[in-house]
Amino acid sequence: MRRRTALLLVAGGATAAVAAGALASGRLGGRRGPEAPTSPGEDLQYTVFAPGGPYGFMFNGPIGWASTKYMPIMQAGMYDLVGGMLDLRPEDDLLDIGCGPGAFLASKGQRARTVAGLDVSPVMLRAAEKKLADRIAAGTARVVPASAAELPFGDGEFSAVSVISAPVNPAEAFRVLRPGGRFVCVFEIVPTPGKPDSERAAVGLDWDEADTRRTLEQIGFTDLSVRNKDFSFLGSFLGAQRIVSCRTPAAS
């Protein structure tokens, strides 16, 4: 159940163009399906955007500061979609993996009882702390500097987990969710010439839609829904996003 399975996700927007090209060409390694053994590429995905990582400049330093400003604008439509799919309620505790500048938590996590954000970028976390300052002071929000490879949270700590264009280990997301918890994940896919969207590969991992479904089901997720959505702009250049919604089994 808790095997090291991970989907490589890449931040959306203009900066993703650079990373997508490198990842898709295999510069960062990768896996060819859920039954393959752990590879160096799987581990590298969690540090690729961290300070000192190959693309850390995108989300740290001056460019990272600029990213905190334009990311919420470029991702606004996706925030609306993911927020609607989660259907957050006052009794919910939400974790946003790869929270970036905290815009999703601030805008769509308002109804949740508590929210938590996790990111590897100090620049992003400082921006998130500012956006969530009132809730942090009230004790209903926190931001954590940590990798998504192994989440620093207890089993069943959350009722909802979101991932919007960021690295995630689905087995860890499963672990921190309560029975019946909701998991909504958005990740980038790059075009495969001559193939339909359902056969496009996840960036860095040659997983098609069937691989995605099989992997999540093997971890234990149920009620799985997968759909592909083209970018509202730059779609023909970057490809599309795969949006996955599922749950942990309800308590018996």
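Q: At what angle do helix 3 and helix 6 pack?
A: This is a predicted model, in which local features need pLDDT of at least 70, side-chain atom pairs count only at pLDDT 80 or more, and totals for chains, interfaces and linings use all residues. Residues are numbered from 1 along each chain as its sequence is written, and side-chain values use heavy atoms, with hydrogens and water left out. Helices (H or I, at least four residues) and strands (E, at least two) are DSSP runs numbered from the N terminus; axes are lines fitted to C-alpha atoms, for helices over the stretch in contact, with angles from 0 to 180 degrees between N-to-C directions. The axes of helix 3 (residues 61-74) and helix 6 (residues 122-131) are 9 Å apart, and the packing angle is about 40 degrees.

Q: Is helix 3 roughly parallel or oblique to helix 6?
A: Angles under 35 degrees count as roughly parallel, over 145 as roughly antiparallel, 65 to 115 as roughly perpendicular, and the rest as oblique. The angle here is about 40 degrees, which makes helix 3 to helix 6 oblique.

Q: Is the crossing of helix 3 and helix 6 left-handed or right-handed?
A: A crossing is left-handed if the near helix is turned anticlockwise from the far one by less than a right angle, and right-handed if clockwise. The crossing of helix 3 and helix 6 is right-handed.

Q: Which residues of helix 6 make the contact with helix 3?
A: Contact means heavy atoms within 4.5 Å. Helix 3 contributes Gly-61, Gly-64, Trp-65, Ser-67, Thr-68 and Met-71, and helix 6 contributes Val-123, Met-124 and Ala-127.

Q: How many residues of the contact of helix 3 with helix 6 are nonpolar?
A: Ala, Val, Leu, Ile, Met, Phe, Trp, Tyr, Cys and Pro count as nonpolar, Asp, Glu, Lys and Arg as charged, and the others, Gly among them, as polar. No charged residue takes part, four are polar, and the nonpolar ones number five.

Q: What covers the buried residues of helix 6?
A: Buried means under 20% relative accessible area, exposed over 50%, and partly exposed in between (1.4 Å probe, protein chains only). In helix 6 the buried residues are Val-123, Met-124, Leu-125, Ala-127 and Ala-128. Their cover includes helix 3, strand 2 and strand 3 (141-145).

Q: Which residues does Ala-128 touch, not counting those up to four places away in sequence?
A: Ala-128 lies in helix 6 and is buried, with a relative accessible area of 0%. Its C-alpha atom is 6.9 Å from that of Gly-100, 28 residues away along the chain. The residues touched are Cys-99, Gly-100, Pro-101, Gly-102 and Val-143.

Q: In strand 2, what is the bridge partner of Leu-94?
A: Two strands pair if DSSP finds at least two bridges between them. Strand 1 and strand 2 pair in the parallel sense over five bridges. In strand 2 (residues 114-119), five of the six residues are buried. The partner of Leu-94 is Val-115.

Q: Is Asp-87 exposed or partly exposed?
A: Asp-87 lies in the loop between helix 4 (76-86) and strand 1 (93-97). Its phi is positive, about 50 degrees, although the residue is not a glycine. At 37% relative accessibility, Asp-87 counts as partly exposed.

Q: Is Asp-223 buried or exposed?
A: Asp-223 lies in strand 7 (residues 222-230). Phi of Asp-223, which is not a glycine, is positive and near 50 degrees. Its relative accessibility is 58%, so Asp-223 counts as exposed.
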